[in-house]
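Please examine the sequence and the structure shown below. The paragraphs that follow lead through selected parts of them in turn.

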Amino acid sequence: MTAPSGPQRDATSRRRFLAAAGTAAAVPAAAALIGGGPLGGTARAAAPGGPTSYAPIPPSALGPALNADGYFVGNISGNLYWVTDSVYQAMFVTTRSGVVLVDAPPTIGHNLLRAISAVTQANGRSANVTHLVYSHSHGDHIGASSLLGADVVRIGHSECRRLLLRADDPNRPAPAVTFDDHYVLEAGGERLLLDYHGPNHTPDNIFIYAPDHRTLMVVDVIFPGWVPFKNLAVSQDIPDWIRAQDIAMGYQWQTLVGGHLGRLGRRADGDLQIAYVADLLAGARATIASLDPAPFFAEYGNNSWAIFKAYLDAAAAKVASPVIAKYLGRLAAADVFTADNAYVMFEALRVDYGTLGPFGDHP
Ligand SMILES: [Zn+2]
């Protein structure tokens, strides 16, 4: 497959490309879309013999094949559905009075409307999206909000509204309906429970529970089948993000919509990620107790930042190495992001948990 050169963002060619990527089940290539802007780098990452090669992705981490438009829409239970482009996910419920959509990832974009249209044509319900729930304020998960028009009722945490008013992004109108702790969204005979349990990935990230379907959607917390995205999902509060995994498991769900990658989550996915994260934290504790910074001081003299960079890089590598070995083949891309995840965990151990090791009180 080839990517368009330059900053070409023609919608049709982009759609064709994504469809082709999906058909080829090229999930790792598509992952370049997360942070890479348009399509630059995607073809290079996918090319055989490229600059970096990684372990193959376990088939169990991959989801269903995408259709010709580049998406998959599936039923979870009853009137609850999920849609994915193999990198991002949204969820929607068809009600007697219209559709309640949770998140609008721009990479899925207009395919959200195609998926909703396909489902409602089949079940005879209205395709009109009446409510749009924001899991959190991040543009990669709700940046297609404006496609739903001005009349949709947008719902999010009060902090989400504050962040989006600050962002002033026409693609992400601030939610008109907000809540602080809990909100029960009832529409056309369907019910979603929106819960806030404090900051984790972001200050505004919420838990969306469909009790009648035993389904929880919480985004950027649990990554079914895969290690968490770089830097523990670029989370702003690591101790609370770690705690959010346990809060998620406290719901009586059977199906998890994690917001990322190509398949739904099962409870074993949550347990496995919690074990992976616990191993990172345990490794960080062991490393800070054993890694001697003296050689880095000797090597870099008066360059304080070089000393710290070398020390922290060495610590991350030491933490990551056994974790990669343990999880490779069990969690996809353990060899891709574990060093970055270890780095962030090591820093969280120092500055958030206050375990300072050799940088504690001077004797
Ligand atoms: Zn996010």
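**A guided reading of the model**

At 25% relative accessibility, His-138 is classed as partly exposed, a term for values between buried (under 20% relative accessible area) and exposed (over 50%), with a 1.4 Å probe and protein chains only. His-136, by contrast, has a relative accessible area of 0% and is buried. This is a predicted model, in which local features need pLDDT of at least 70 and side-chain atom pairs count only at pLDDT 80 or more, while totals for chains, interfaces and linings use all residues. Residues are numbered from 1 along each chain as its sequence is written, and side-chain values use heavy atoms, with hydrogens and water left out.

Both histidines belong to the metal site. The zinc ion is coordinated at 2.1 to 2.3 Å by His-136 (NE2), His-138 (ND1), His-201 (NE2) and Asp-220 (OD). Donors are N, O and S atoms within 2.8 Å of the metal (3.2 Å for Na, K and Ca); water is not among the atoms, so sites may look incomplete. Along the chain, the donors of the zinc ion follow the spacing H-x1-H-x62-H-x18-D.

The protein as a whole has 12 helices and 12 strands; these are DSSP runs numbered from the N terminus, with helices (H or I) of at least four residues and strands (E) of at least two. Of its 363 residues, 50% count as buried. Val-87 is one example of a buried residue, with a relative accessible area of 3%. Val-87 lies in the loop between strand E2 (80-84) and strand E3 (89-95). Its C-alpha atom is separated by 8.3 Å from that of Gly-259, 172 residues apart along the chain.

The axes of helix H11 (residues 304-327) and helix H12 (residues 334-351) come within 8 Å and cross at roughly 125°. Axes are lines fitted to C-alpha atoms, for helices over the stretch in contact, and angles run from 0 to 180 degrees between N-to-C directions. H11 and H12 are therefore oblique to each other, given that angles under 35 degrees count as roughly parallel, over 145 as roughly antiparallel, 65 to 115 as roughly perpendicular and the rest as oblique. Residues making the contact (heavy atoms within 4.5 Å) include Phe-308 and Tyr-311 of H11 and Ala-334 and Tyr-343 of H12.

Helix H9 (residues 267-290) also meets H12: their axes come within 9 Å and cross at roughly 60°. That angle makes H9 oblique to H12. Among the residues in this contact are Tyr-276 and Leu-280 of H9 and Asn-341 and Met-345 of H12.
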